[in-house]
Amino acid sequence: MIYTPAKPPLTGETLETLTARLRERGEPAFRAQQILGWIYKKRARRWDDMTNLSKPLRLWLDETFELMPVALVLNQQSEDITDKLLLELADRSLIETVIIRAPQEGVGLDHSRKTICISTQVGCAMGCTFCASGLLGLKRDLNAGEIVAQLLQVCYREDARTPRARMELASFDNIVVMGMGEPLANYDNIIRALTIVNADWGLGFGARRITLSTSGLVPKILQLAEEPLGLRLAISLHGATDEVREKIMPVNRAYPLAQLLPAIRSFSEKHGRMVTLEFILIAEVNDALEQAEKLRDIALDLHAHVNLIPYNHVEGLAWQRPSITRQERFADILRAARVSVTLRREKGHDIDAACGQLRLKTEKERAPASV
Ligand code: SAH
Ligand code: SF4
């Protein structure tokens, strides 16, 4: 499962590591910042675009690093609300990055909330029974450069839409680490990547507008609480009792609620921010009103926000979303106790949960016999 690219991606280098590499070549200290500026601020797509670097240095860079480790293979747009980018890696693995434009009440698309959803692994090993990303198992972790490159691809995509003004990544409202994969199972790479995304010399995107979602790897949640980055945290709860949760999320056997809930508490105490509990509503699985009552108690106790997400149908899986009436009754139990709760309705939101499905479909078409 360890993948070593022929050349490491430049997008996985920090200012520190790149400076060290360049120093070995006798380059001055400012050179690394100059190169990173070309990549992230001026969006150079070829080494030869970096006109203030000497020819020998450009040659060395070309021999040493991959400038862009992911290639766009398909761009699927749905009603101008979501944009799915299917990206291919050097080993032909496929990942998805999704741009979601969720219109705000009463205003046009120009004023929509713009979110980018990124992937962290090819597939996923966690085996949640309802999820498309886990259906083919884990192929491999993404390296930091491949994670960062997804956001550069989004920038390229936006630049092409508005050719005159280069789009700043900061014009997006949020980045959510909710695409394919379990980010905390690829801990070092995701932290390095988000450090690059956050840094002034990198993409300059505020950490407080980045939400990382996890299925609940307790030791890693505790480790994340100690990171200086200051990310937001979302937990895929999906069951308010061990009995229900472990039926659909095998991770609950290793880290049951008695361990998970205190870990969430320590994270939010450390950061002074509300954690989000994600709860997909699946008919006949976790939509009983007793689950709503238990979830209400957990949310009140942790002072957490609850995000109720009607299940998105996955081809080949039998799960269904509950009726709207049932969804509302579930939400009402939380609302009645003044829990901060959202029940997703907008069309644009459907797509983020559907992350992983485009890749699944393409993998099936590529190798019908093996899946
Ligand atoms: N592995 C991480 C992040 C990626 S999954 C995690 O599990 O949190 C992002 C979110 O999409 C999770 O809350 C996940 O449970 C949810 N999800 C997966 N499949 C879904 C589906 N078919 N419908 C709705 N939400 C889904
Ligand atoms: Fe992996 Fe998250 Fe899907 Fe579970 S829900 S299989 S952890 S991507």
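The sections below go through the salt bridges of this predicted model.

## Overview

The model holds 21 salt bridges.

Lys7 and Asp62 form a salt bridge, with 3.9 Å between the closest N and O atoms. This pair ties together distant parts of the chain: Lys7 sits in the segment before helix H1 (15-24), Asp62 belongs to helix H3 (residues 55-64), and 55 residues separate them. Both partners are partly exposed, because their relative accessible areas, 35% for Asp62 and 24% for Lys7, lie between the 20% and 50% cut-offs.

Arg58 is buried, with a relative accessible area of 15%, whereas Asp48 is partly exposed at 41%.

## Strand S6 and the S2–S3 loop

Arg140 and Asp91 form a salt bridge whose closest N and O atoms are 2.8 Å apart. Arg140 lies in strand S6 (residues 138-141), and Asp91 in the loop between strand S2 (82-89) and strand S3 (94-102); 49 residues separate the two.

Is Arg140 buried or exposed? Arg140 has a relative accessible area of 2%, so this residue counts as buried, being under the 20% cut-off.

## A network

Salt bridges also join Asp83, Arg101, Arg157 and Glu158 into a network.

Notes. Residues are numbered from 1 along each chain as its sequence is written. Chains are lettered from A and ligands numbered from 1 in the order in which they are written. This is a predicted model: local features need pLDDT of at least 70, side-chain atom pairs count only at pLDDT 80 or more; totals for chains, interfaces and linings use all residues. Side-chain values use heavy atoms; hydrogens and water are left out. A salt bridge is a side-chain nitrogen of Lys or Arg within 4 Å of a carboxyl oxygen of Asp or Glu. Helices (H or I, at least four residues) and strands (E, at least two) are DSSP runs, numbered from the N terminus. Buried means under 20% relative accessible area, exposed over 50%, partly exposed in between (1.4 Å probe, protein chains only).
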